Amino acid sequence: LHRAARQEATAAPARTDEVEAVLRRWADRTAALVAQEEPNEDAHLLELCADLARLDPRAFPPRKVVSFENEAMKSGPVFAAMPFVVIQFDMEPGAEIPAHNHVGWDFVSMGVSGEATVRHFEPVGAFPDPGKELRVDFALREVASQLLTAGRTSSLTRTRANIPASR
């Protein structure tokens, strides 16, 4: 969950309990997906994105703790029931999250307010395993670029578009 470029705070409607119920259901569905031998991750994420689009983004529960912070961004978990985690990113205008490796993860970004562009890349040819050979040169190709605004989503899977960058 990305809270796109921060704007003035608006009061969240009293529907946080509804959002939390949806997130609990998705935590259960995600645990079941992970247990499958050949999961259809794209179908799973498309259904998740459809459910998220029905929710008021302002009704998400507040971040429980700040796990990362600098002058341009704060992030931390909103909801966690492994393997399903919702993280809130508050980004100042002009803030960037450089391209980084999410190989091995499924990930959905959703705008809450303001706007941010999420670009997705995939490796071309050989690619180092996550956590190994991090200083090896490799080539990328851009496979998607989406503008996130309130309620719009972007996704990646363990094998599709799994190197994102945001601005």
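Modeller: A hairpin of three linking residues connects E1 to E2. The labels follow DSSP runs numbered from the N terminus, with helices (H or I) of at least four residues and strands (E) of at least two. The model is a predicted one, in which local features need pLDDT of at least 70 and side-chain atom pairs count only at pLDDT 80 or more, while totals for chains, interfaces and linings use all residues. Residues are numbered from 1 along each chain as its sequence is written, and side-chain values use heavy atoms, with hydrogens and water left out.

Biologist: How many helices and strands does the protein chain have, and in what order do the elements run from the N terminus?

Modeller: The protein chain has two helices and eight strands. The order from the N terminus is α-α-β-β-β-β-β-β-β-β.

Biologist: How many bridges join E1 to E2, and in which sense do the two strands run, parallel or antiparallel?

Modeller: In general, strands of a sheet pair through backbone hydrogen bonds, either parallel or antiparallel. Two strands are taken to pair if DSSP finds at least two bridges between them. Here E1 (residues 68-69) and E2 (residues 73-81) are antiparallel and joined by two bridges. Phe 68 faces Ser 75 in E2, and Glu 69 faces Lys 74.

Biologist: What joins E2 to E3, and over how many bridges do they pair?

Modeller: E2 and E3 form a hairpin as well, with two residues between them, and their antiparallel pairing extends over eight bridges. In one of the paired positions, Pro 77 has Ile 87 of E3 as its bridge partner. Pro 83 is placed in the loop between these strands, and the peptide bond that joins Met 82 to Pro 83 is cis, with omega about 10°.

Biologist: Which strands lie at the edges of this sheet?

Modeller: The three strands make an open sheet in the order E1-E2-E3, paired antiparallel. E1 and E3 are the edge strands, since each pairs on one side only.

Biologist: Is Glu 69 buried or exposed?

Modeller: Burial is read from relative accessible area: under 20% is buried, over 50% exposed and in between partly exposed, with a 1.4 Å probe and protein chains only. Glu 69, in strand E1, counts as exposed because its relative accessibility is 51%. Asp 90, in strand E3 (residues 84-91), has a relative accessible area of 10% and is therefore buried. Over the protein chain, 37% of the 167 residues count as buried.

Biologist: With which side chains does the side chain of Asp 90 make polar contacts?

Modeller: A polar contact is a pair of N or O atoms within 3.5 Å; within protein, one must be able to donate a hydrogen and the other to accept it, and residues adjacent in sequence count only if both atoms are side-chain atoms. The side chain of Asp 90 makes such contacts with the side chains of Arg 63 at 2.9 Å and Gln 88 at 2.7 Å.

Biologist: Which residues of E8 are buried?

Modeller: E8 is covered on both faces, with Ile 163 and Ala 165 buried on one side and Pro 164 and Ser 166 on the other. E8 pairs antiparallel with strand E5 (residues 116-124) over four bridges, and Ile 163 is the bridge partner of Phe 121. The loop between strand E7 (153-156) and E8 holds Ala 161, which has a positive phi of about 55° although it is not a glycine. Ala 161 counts as buried because its relative accessible area is 3%.

Biologist: Where is pLDDT under 50?

Modeller: pLDDT is the predictor's confidence in each residue, from 0 to 100. It stays under 50 over residues 2-14. For the protein chain the mean is 84, and 86% of residues reach 70 or more.

Conventions:
Contact means heavy atoms within 4.5 Å.
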